[in-house]
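Q: I'd like to go through this model with you, if you have a moment.
A: Gladly; here it is.

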Amino acid sequence: MKPEQGLIQMFTFAQANHRTYQLGFLKFEREKKEGNYYFSGFNRHTLTEYLSSELGFYRIAQDKSYIVVKHDSGIVDEVPIHQAKNELLDILSLLKDEEIIFEGKTFVINRDDILNKFHHVQSTYFSLGSIDILKALKKEFQRDDEEHTYFYFRNGLVKVNSNCMELIPYNQVYDKLIWKSWIKDHDIVLESDGRRAMFEDFITNVSRDNQAKKAFISSIGYLLSNYNSPSKNQAVILYDEKITDLDNPAGGTGKGILAKALSFLRKQIVIDGKKFNTQNPFAFQNVTNDTQIIFLDDVRGNMDFRHFYSILTEGLTVEQKNRTSWKFDPKYSPKMLISSNSVFSNKGNSNKRRQFILEFSDFYSQKIITGSEEPVKDHHGCMFFDDWEGTEWNRFFLFMIECVKEYLMNGLFPIEPKSVNENLLLQLTSEEFYQWVHEQDFQINTNYDRGQYFNDIKLEYYGESRDFTPQKFTKCLKSFADSKGWKYDQKKGTFKFIEEKPRTKPKEEDGTLF
């Protein structure tokens, strides 16, 4: 337990006027009868100076409102306003009853009087609506830009561009602020030991070929770069390459491992995709100023991807219960990472241009037979992240930094997805239709008898069931046409497929162009 403290050891005296003195932020006024000076209240201006300059509490502008932070040598951490109140209360609670003689005058200190007065004013001083009790911290944050990305470790920050990287001690970062949550609990050594990172082997395994690996590497670099070009911003979508249906998703391919890997370098918020509701205004309420990646894990395939258009181009707006909404600067809005065992609709130029798709091979998932297997551990000989020691962590960090260098040099490396259209067709129709339509060898610009083909598939797969109707058959044929990039054309009694010609100047559905 800390010993009680005397005020004279904590603060200095100052005369406010002929009747009032201050001891730090505490005001004392003279009693007429006895002539002694008694505690009368708090000086708000001096208290503000003490809270900020001595205890490190400041306010930082957040769009049209403010947040409270604890500041220490350029490192800041967002904290609730009551933390400032509690730290001040702890200090006041350590005061002792005493009488102090200053310039021949007697000042009577009564701890209970001070604590009681503080109890009455605390709601006025320490509430979300009155955080101007704290000084404004106006320094800018260290930010990534188009040519540089920064990573933060215990032993300094690493400045990365397309050609090189350098380690800079924090005491050389004079004029910028850094979020405490950005600093990772690891030291880094920039010199490689010459051995390949285990995580790079993982990326090789989940990629189907060298071209796909380039796409994975560039997307890692893109997600780790905390800078956006709003006209080019995309969500990175993680799918399984193996064709699956909605009722029996494969999973286990490594999508979650990639997302977790990113969290060791960037502040990441994970949102349960199954519970994510685009109509919920508070869907992103857990996102904070220091968030760099939002990971929507296992999103339903029927979610309307258009919900993300404005987020990607204009920056994320965060609404929190009982708080003022605020918006990220589009350049520093968190990157969007989405995983799903089903496929979003890819129709329309807006969807295609805002989705960067990665397909995970079944290298690991094919080893899962009973469900109790741990294919990543079995293949690599350890649990990723949990079993790593210092040298493997360093290889991991250096590989991730190399991904950023590749991205800064060449940008995203897109490849044509292998199974997205087929997966989407299977999900939108059925296993029966999927199997049947691939047996037909349909050609473009050829007329087919609609009634005959409907009777064939119904007889072969559905029998007397009334679930499969001519209307459903037509809908399935349209989905098949979409998967091929064709147009479905139907006339009385017949149908055919027409190859769609790409438009030279595609018009975006939402009225914007990249």
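A: A word on names: helices (H or I, at least four residues) and strands (E, at least two) are DSSP runs, numbered from the N terminus. This is a predicted model, in which local features need pLDDT of at least 70 and side-chain atom pairs count only at pLDDT 80 or more, while totals for chains, interfaces and linings use all residues. Residues are numbered from 1 along each chain as its sequence is written, and side-chain values use heavy atoms, with hydrogens and water left out.

Q: Which element gives the most to the lining of the second largest pocket?
A: That is β5, with 4 residues; a pocket here is an open set of points on a 1 Å grid where a 1.4 Å probe fits, with protein on both sides within 12 Å along at least five of seven lines, and lining residues have an atom within 4 Å of a point.

Q: And which residues lie nearest its centre?
A: Of the 20 residues lining this pocket, Ile60, Ala61, Phe141, Arg143 and Asn289 lie nearest the centre. The elements giving two or more residues to the lining are β5 (57-62), β11 (140-141) and β21 (326-327).

Q: OK, strands next: how do β3 and β4 pair?
A: Strand β3 (residues 26-30) and strand β4 (residues 37-42) are antiparallel over 5 bridges, pairing being counted if DSSP finds at least two bridges. Lysine 27 has glycine 41 of β4 as its bridge partner. The two strands form a hairpin with 6 residues between them, and glycine 35 in the turn has a positive phi of about 85°.

Q: What about β4 and β9?
A: β4 pairs with strand β9 (residues 105-109) in the parallel sense, over 2 bridges, and tyrosine 38 has valine 108 of β9 as its bridge partner.

Q: Switching to helices, at what angle do α12 and α15 cross?
A: The axes of α12 (residues 420-428) and α15 (residues 470-484), lines fitted to C-alpha atoms over the stretch in contact, with angles from 0 to 180 degrees between N-to-C directions, come within 9 Å and cross at roughly 170°. The two helices are therefore roughly antiparallel, a label for angles over 145 degrees.

Q: Which residues make that contact?
A: From α12 they are Asn421, Glu422, Leu425 and Leu428, and from α15 Cys476, Ser479, Phe480 and Ser483, where contact means heavy atoms within 4.5 Å.

Q: Last one: where is glutamate 499?
A: Glutamate 499 sits in strand β26 (residues 494-499). Apart from neighbours within four places in sequence, glutamate 499 is in contact with Ile444 and Trp486, and its C-alpha atom is 9.0 Å from that of alanine 481, 18 residues apart along the chain.

Technical notes:
Parallel < 35°, antiparallel > 145°, perpendicular 65-115°, else oblique.
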